[in-house]
Amino acid sequence: MNLHEYQAKEIFARYGIPVPQGQLAESPEAARAAAKQLGGERFVVKAQVHAGGRGKAGGVKLVEGYDAVEEAAKKMLGQRLVTKQTGAEGLPINSVWIEKPSAIARELYVSALVDRSRERIVFMASAAGGMDIEEVAAHTPERIKHVYVHPAAGLQPYQARQLGFFMGLTKAQVDQFTRILMGLYRIFTELDAALVEINPLIVTADGDVMALDAKLNFDSNALFRQKAIAEMRDFSQEDEREREASKYDLNYVTLDGDIGCMVNGAGLAMATMDIVKLHGGRPANFLDVGGGTTAEKVTEAFKLITKSPDVKAIFINIFGGIVRCDLIAEGIIQACRQVGLKIPVVARLQGTNMDKGREMLKASGLAITPVEDLTEAAKTVVALAKGA
Ligand code: GDP
Ligand code: MN
């Protein structure tokens, strides 16, 4: 679960991490009032959406005077912001954060997440802040330094100092940076975070270290014990298809490929995505329709998959253990007719009543290719998606 920048900055402030002064506004008038309260001549107007890359997309504006604040807020509010991180539909801007501008001398980068292979929290820092950290990681990985936190010892100040000196901070700045990092570590562990990121962490013209941006992501499985965090959730920023899926009790995650996958069982769904990738394809989603699925659920799942314009072919991989293959076939046929399907479907049905299911698919006259072998099925759907 993600938070908005302004929410993350509130948490930062609580944990002693310096952030610029700011105020939230949900209307242009409120934005003006916020600027007046903050005082001064110049302001930063920042669109609040659950994505980075706002600066380059027009979601961060440095302006002068109250009129300009109101104007900038008016332009942003009610719009959808499309950034490198959002996909083509973008995310709705329902609020803006009005901030006192900072004079920037340097833009640094710092983040923390769990390195699962090492089973430790890792802190990463780089002097190449403010830009695409993925680019830095891909082309100049030596510009990013990692330190791994021993779970029993916790983050040690000397580790923070290592990162600080690596980024070329002065001794006084390293002391500030160490306090920031210790705060981040407390946030990470006390609030069950999955990712904390500050990009850019700035050195101001006065030589102080401060968080100019803030990103916090939390472990959804821990939200039951993080009530205050759970209450800050903004559903307007979450994937519509994922929300729709949860209504029908379908485990669905949007991905960025072009092969729609419909599978029963989470393990089989993972294996299906793996085999699609192995044969050069890219899954458009993860979808587990569940063990005891029904024809209705299959229909809803189909609608969900075909809602995405990127999907070029559909791969159905069902093991009829609890559920019967003929029931699944019925759902598939029903769904194909209802959505007026125009893209090819590869269906692999195995298990109870599989022959009957396959017969039904064949007899339907729809563009469904039944394939028995999993590898064969994966290769077929990858070829169909590429041909489309
Ligand atoms: P993001 O693009 O979504 O990551 O949004 P950021 O909060 O990181 O802002 C993007 C960029 O806008 C930063 O890297 C800065 O270069 C610039 N920016 C943001 N706030 C300020 C500010 O107060 N003063 C100045 N001079 N630049 C700012
Ligand atoms: Mn940023």
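**Aromatic contacts, a manganese site and domain layout**

Phenylalanine 43 is buried, because its relative accessibility is 0% and the cut-off for burial is under 20%. The model under discussion is predicted. Tyrosine 66, by contrast, is partly exposed, with a relative accessible area of 28%. That value falls in the class between buried, under 20%, and exposed, over 50%.

Three aromatic pairs occur in the structure. One of them joins phenylalanine 43 and tyrosine 66. The ring centres lie 6.1 Å apart and the planes meet at 40 degrees, so this pair is tilted. Stacked pairs need planes under 30 degrees apart, and edge-to-face pairs over 60.

The charged end of arginine 118 is placed over the ring of tyrosine 148, at 4.0 Å from the ring centre.

The manganese ion (ligand 2) is coordinated by Asn199 through O and by Asp213 through OD. The distances are 2.1 to 2.2 Å. Asparagine 199 is in strand S10 (residues 193-204). Aspartate 213 is in the loop between strand S11 (209-211) and strand S12 (215-218). The pair therefore ties together parts that are 14 residues apart in sequence. Asparagine 199 and aspartate 213 are both buried.

The domain assignment divides the protein into domain 1 (21-99), domain 2 (104-230) and domain 3 (240-387). Over C-alpha atoms, the centres of domain 1 and domain 3 are 41 Å apart.

Technical notes. Residues numbered from 1 in each chain as written. Chains lettered and ligands numbered in written order. Predicted model: local features only at pLDDT ≥ 70, side-chain atom pairs only at ≥ 80, totals over all residues. Heavy atoms only, no water. Donors = N, O, S within 2.8 Å, 3.2 Å for Na, K, Ca; no water. Helix = DSSP H or I, 4+ residues; strand = E, 2+ residues; numbered from the N terminus. Buried < 20%, exposed > 50% of the residue type's maximum accessible area, 1.4 Å probe, protein only. Domains from an automatic or database assignment. Phe/Tyr/Trp six-rings, centres within 6.5 Å; stacked < 30°, edge-to-face > 60°. Lys NZ or Arg CZ within 6 Å of the ring centre and 35° of its normal.
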